[in-house]
Amino acid sequence: MPVRNRLAEMQKEITEWRRDLHENPEILFDTHRTSAIVAEKLQGFGCDEVVTGIGRTGVVGVIKGKGGSGRVIGLRADMDALPIHEETGLEYASKTDGAMHACGHDGHTAMLLGAAKYLSETRNFDGTVVVIFQPAEEGGGGGKEMCDDGMMERFGVQEVYGMHNWPGKPVGSFAIRSGAFFAATDQFEIVIEGKGGHAAKPQEVVDTLVVTSHIILALQSVVSRNVDPVKQAVLSVTSAESSSKAFNVIPQTATLKGTVRTMAPEVRDLVEERITAISKSTAEAFGATVEIMYKRSYPVMVNHETETGYAIEAAKKVSGDCEEAPLVMGGEDFAFMLEERPGAYILVGNGDTAPVHHPKYNFNDDAIPAGASWWAELVEMRMPAAS
Ligand SMILES: [Zn+2]
Ligand SMILES: [Zn+2]
């Protein structure tokens, strides 16, 4: 797909940044090296203000354009890696055992740095750009922590945009959808307590594992029998462990863990309610007890309609087209920023690569022209400089 590359002369440099970040992945809030590099580069580009330590290791850069429109747009990238052992065999593969940029946040950070450099040099816009680099997108809620630190108010952000690479989508292409886009992600843990004992004396025990098995199966009816079939929900039990490791001991306790993904608040409430009711009553029927922990994590990520329109317009200017994206049952920390300010989140094609979170995944450097140009286009389009 032909791309109008606004940052062509920076392609090599951005690629080098990306590969350096890839080689040195950092997890959750421990993005100390990455944050330091980002801050140093933003300073070097001549940003008007660079602030570190927002949301622990988050970094914010401010770039003032020409003119006095008073408009302020936030552009956000994530910086964190995943606890995965890399199997790409790349010459710039992770040097840190058990950590890997398997979601392409190395690419996101590099592309936004490229856009920051371009915007600092050209300043061909009327307003202020706030570039936001967040830690801990992968389950840590780094975006929420930056918001809780008062970032939006402090920098006067009026609207905010995000981007993610998308394996399987052609390089140079974009996709987006208005409204609910990424799912709310919740976690649950159910501890089942029966009455342990000798495996040869079932009459004397309450078999914790039989109860646990019934609960796992009964939970399968929540999505299929309780949730409105035209609405979306996923309930996956992902771990089952008991306190017994022996072949002849009925365990006293067992623990189930799992995740729930939903797209609407009422469905989210319903699934939580049903998990609790089913687990309790099933355990009770067998003479066991349960303790349930249900943790609400990221909310549904909702793209705002007007800003989605701007995102599409910028994407079309870069590559001529922007498809409608399907719903994604994964979660996105950017949801918290979109709860605070209007904005939109777009997908940029990563080509035919392994899926994200896979040990053989790699961000595609050929996606840099489209991704970085989209940021530049969006800013100059939303805040046109007076001619
Ligand atoms: Zn991810
Ligand atoms: Zn990601």
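Glu87 is partly exposed, at 43% relative accessibility. The model is predicted. Its protein has 387 residues, and 55% of them are buried. Two zinc ions sit 3.1 Å apart, with Cys103 coordinating both. The salt-bridge count is 22.

**Overall build**

- The secondary structure consists of 10 helices and 16 strands. The radius of gyration is 24 Å, close to the 21 Å that the globule rule gives for 387 residues, so the protein is as compact as a globular protein of that length.
- The C-alpha trace spans about 85 × 45 × 40 Å along its principal axes.
- Among contacts with a separation of 6 or more, 82% are between residues 24 or more positions apart.

**Zinc ion (ligand 1)**

- The protein donors are Cys103 (SG), two OE atoms of Glu138, and His357 (NE2). They lie 2.0 to 2.8 Å from the zinc ion (ligand 1).
- The donor residues follow the spacing C-x34-E-x218-H in sequence.
- Angles among the four donor atoms run from 51 to 147 degrees, and the site is irregular. A tetrahedral site would need all angles between 85 and 135 degrees, so this range rules that class out.
- Cys103 lies in the loop between β3 and α3, and Glu138 in the loop between β4 (128–134) and α4 (142–148). The pair therefore ties together parts that are 35 residues apart in sequence.
- Both Cys103 and Glu138 are buried.

**Zinc ion (ligand 2)**

- Cys103 (SG), His105 (NE2) and His164 (NE2) coordinate the zinc ion (ligand 2), at 2.1 to 2.3 Å.
- The donor spacing here is C-x1-H-x58-H.
- Cys103 bridges the zinc ion (ligand 2) to the zinc ion (ligand 1). His105 sits in helix α3 and His164 in strand β5 (residues 159–166), so this pair links distant parts of the chain, 59 residues apart.
- His105 and His164 are both buried.

- Side chains of opposite charge can pair when their charged atoms come close.
- Asp365 pairs with Arg18, with 2.8 Å between the closest N and O atoms. Asp365 is in the loop between β16 (343–349) and α10 (368–382), and Arg18 is in helix α1 (residues 11–23), so the bridge ties together parts that are 347 residues apart in sequence.
- Both partners count as buried, because the class takes in values under 20%. Asp365 has a relative accessible area of 7%, and Arg18 has 0%.
- Glu87 and Lys360 form a salt bridge at 3.8 Å, N to O. Glu87 is in the loop between β3 (72–78) and α3 (105–122), and Lys360 is in the loop between β16 and α10, so the pair ties together parts that are 273 residues apart in sequence.
- Glu266 and Lys231 form a salt bridge at 3.0 Å, N to O. Glu266 belongs to helix α7 (residues 265–286) and Lys231 to the loop between α6 (208–226) and β10 (233–242). The pair links distant parts of the chain, 35 residues apart.
- Glu266 is partly exposed at 43% relative accessibility. Lys231 is partly exposed too, with a relative accessible area of 34%.
- Arg4, Arg6, Glu377 and Glu380 form one network through salt bridges that share partners.

- Ile292 is in strand β13 (residues 289–296).
- Its relative accessible area is 23%, so Ile292 counts as partly exposed.
- Val191 is 101 residues away from Ile292 along the chain, yet their C-alpha atoms are separated by 6.5 Å.
- Beyond its neighbours within four places in sequence, Ile292 is in contact with Glu189, Ile190, Ile275, Thr276, Ser279 and Lys280.

How values were computed
Residues are numbered from 1 along each chain as its sequence is written. Chains are lettered from A and ligands numbered from 1 in the order in which they are written. This is a predicted model: local features need pLDDT of at least 70, side-chain atom pairs count only at pLDDT 80 or more; totals for chains, interfaces and linings use all residues. Side-chain values use heavy atoms; hydrogens and water are left out. A salt bridge is a side-chain nitrogen of Lys or Arg within 4 Å of a carboxyl oxygen of Asp or Glu. Helices (H or I, at least four residues) and strands (E, at least two) are DSSP runs, numbered from the N terminus. Buried means under 20% relative accessible area, exposed over 50%, partly exposed in between (1.4 Å probe, protein chains only). Donors are N, O and S atoms within 2.8 Å of the metal (3.2 Å for Na, K and Ca); water is not among the atoms, so sites may look incomplete. The radius of gyration is taken over C-alpha atoms; the globule rule is 2.2 Å times the number of residues to the power 0.38. Contact means heavy atoms within 4.5 Å. Four donors count as tetrahedral if all angles lie between 85 and 135 degrees; four count as square planar and six as octahedral if opposite donors are over 155 degrees apart and all others between 65 and 115; anything else is irregular.
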